[in-house]
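Reader: Hi! Could you walk me through this one?
Author: Happy to, here it is.

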Amino acid sequence: MLQVDRSLIFQIINFIVLVFLLVRFLFKPVLRALDRRSQKIRSELEEIEKTREELRKLKEKYEEEERSIQQRYKEALERANQEALQMKATIIEEAYQEAEKIKREYETRAQKEIERLHKELREEIAEIAIAIAGKILQEHITPQIQERLIDELLDAALNRIESRLSIAHEK
């Protein structure tokens, strides 16, 4: 027959009490701490996932803004190029008009100078003709001599006119 010692019963009771105390004061707090820790880790993982999702959305938003900015930059650059071309055409047109204006002014001045020279030459011719007439009258020359002198003087006067006109055109 099996004999049960009293000490064995106390040892069993002690063991049960020890297990109870361990479960009550050690395992449960440890399990609770482990649960809290795993809960904290889960919440941190969820927070990380939320943050990652927000970052992904922000990245998409920034990429969209970047594309928008690049598009606006291209449009602004194209507008600036078109404005530059228009300004270039305007400047060229203004320069052409200014050149035409200066050309007309110089043509007008040259024409006035030619007219002035013509007037001076006519006066000189008249003076020369008067001088010739005076000489002719003083010397009583024949009509053939008078005609020859008049032709020579007129040729000389015409040569002077042509030389002055060529000088005026060179200016």
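Reader: Does Arg56 count as buried, partly exposed or exposed, and what is its relative accessibility?
Author: Arg56 counts as partly exposed, at 37% relative accessibility. Buried means under 20% relative accessible area, exposed over 50%, and partly exposed in between, with a 1.4 Å probe and protein chains only.

Reader: Thanks! What should I know about the model and its numbering?
Author: This is a predicted model, where local features need pLDDT of at least 70, side-chain atom pairs count only at pLDDT 80 or more, and totals for chains, interfaces and linings use all residues. Residues are numbered from 1 along each chain as its sequence is written, and side-chain values use heavy atoms, leaving out hydrogens and water.

Reader: Back to Arg56: which residue is it bridged to at 2.5 Å?
Author: That is Glu60, with 2.5 Å between the closest N and O atoms of the salt bridge. A salt bridge here is a side-chain nitrogen of Lys or Arg within 4 Å of a carboxyl oxygen of Asp or Glu. Glu60 is partly exposed too, at 41%, and Glu53, Arg56 and Glu60 are linked in a network of salt bridges.

Reader: How many salt bridges are there in the whole structure?
Author: Eight. Another one of them joins Glu113 and Arg116, at 2.2 Å.

Reader: New topic: how many of the 171 residues are buried, as a percentage?
Author: 5% of the 171 residues count as buried. The C-alpha atoms fill a box of roughly 200 × 20 × 20 Å along the principal axes.
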